[in-house]
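Trainee: I would like to learn how to read a few features of a protein model with care. Could we go through them one at a time, the general idea and then the case at hand?

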Amino acid sequence: MKRNAIDSLFVANKPANLGSNHFLSRIKRRYNVKKAGFSGTLDPFAKGVLIIAFGKYTQLFQFLKKSPKTYRATLWLGAESETLDIEKVTTVQTLSPIATEVLQTIFTTLHGEITYLPPKYSAKKINGKRAYELAREGQEVLLRYITSTIYDIKLIHYRHPFITFEITISEGGYIRSIAQIISDKLQMKGTLSALERLNEGDFVYQKEQMLDPLKYLNLKENFYLQDLSDIALGRKLALKDLKIKEAGKYFIKLDKMFSILEIKDDKVSYLLNGVKYADIRS
């Protein structure tokens, strides 16, 4: 598939058993690009949706509609792993089956805000170093509790000892930790044996189809009431010359490009300016 290799935004489908950075390297080689990035690291054992950007579009990640995220996960009852996935399974116990009604009851308690510890084998930084790096070095990993919002969680099927469920959660959530909460409520050991990200907000896999970035910005459109060349040239803007004057972040579409502005304390500043834009029709 041909695409604008300079500035592009699309969704790739990362396979299991491959790190996100290694997968990105494959993408870069395939499309022969040097500047590329992704949003939302997937663990090596996980697969699914990964947002990819080329060129200047790599600066758009913070402005995209990426939340909530939906995952399909499989919990392996009886398996124990310090990584909370199948990477380092140490023991496997044979457990008696449980009633499906018990699982349904547990899932009903997991809606709304939930506070928990991230996995020690995670990319969380502790004093400038990744938690998984400290864990692999045998050092103590002291993580802070985080809070996520679970919008929906449902049982897909249960074939003992495997429980498959789908969960829609706010950005930054750790499904491995949620699986441990389920295991704890069952008073059993367990670890994730499979994980697939189905979507990141509005982003779903569409065979790496090039996306219109303006349709995926988590921003309102604003309008400049004077000569648009002022923005194209990066000139200082006055609040009175914008249609919407309330504090916030906005995008403004110019001819063949767009800019992102912020209004704060009645002042206007550029967050990103002069990004080339081509209307994508699929």
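Trainee: Is Thr-58 buried or exposed?

Mentor: Buried means under 20% relative accessible area, exposed over 50%, and partly exposed in between, with a 1.4 Å probe and protein chains only. Thr-58 has a relative accessible area of 18% and is therefore buried. Bear in mind that this is a predicted model, in which local features need pLDDT of at least 70 and side-chain atom pairs count only at pLDDT 80 or more, whereas totals for chains, interfaces and linings use all residues. Residues are numbered from 1 along each chain as its sequence is written, and side-chain values use heavy atoms, with hydrogens and water left out.

Trainee: Where is Thr-58 found, and which residues does Thr-58 touch?

Mentor: Helices (H or I, at least four residues) and strands (E, at least two) are DSSP runs, numbered from the N terminus. Thr-58 sits in the loop between strand 3 (47-54) and strand 4 (69-77). Contact means heavy atoms within 4.5 Å, and, leaving aside residues up to four places away in sequence, Thr-58 touches Lys-35, Ala-36, Gly-37 and Ala-53.

Trainee: Which residues does Met-188 touch?

Mentor: Met-188, in the loop between helix 4 and strand 12 (190-200), touches Leu-77, Leu-95, Ser-96, Ile-98 and Ser-183, again not counting residues up to four places away in sequence. Leu-77 is 111 residues from Met-188 along the chain, yet their C-alpha atoms are separated by 6.9 Å. Met-188 is buried, at a relative accessible area of 17%.

Trainee: How should I read the crossing of helix 2 and helix 4?

Mentor: Axes are lines fitted to C-alpha atoms, for helices over the stretch in contact, and angles run from 0 to 180 degrees between N-to-C directions. The axes of helix 2 (residues 100-108) and helix 4 (residues 175-186) come within 11 Å and cross at roughly 125 degrees. Angles under 35 degrees count as roughly parallel, over 145 as roughly antiparallel, 65 to 115 as roughly perpendicular and the rest as oblique, and helix 2 and helix 4 are therefore oblique to each other.

Trainee: Which residues in helix 2 and helix 4 meet?

Mentor: From helix 2, Val-102, Leu-103, Ile-106 and Phe-107 meet Ile-182, Lys-185 and Leu-186 of helix 4.

Trainee: And what is the total of helices and strands in the protein chain?

Mentor: The secondary structure comes to five helices and 16 strands, and buried residues make up 48% of the 282 residues in the protein chain.
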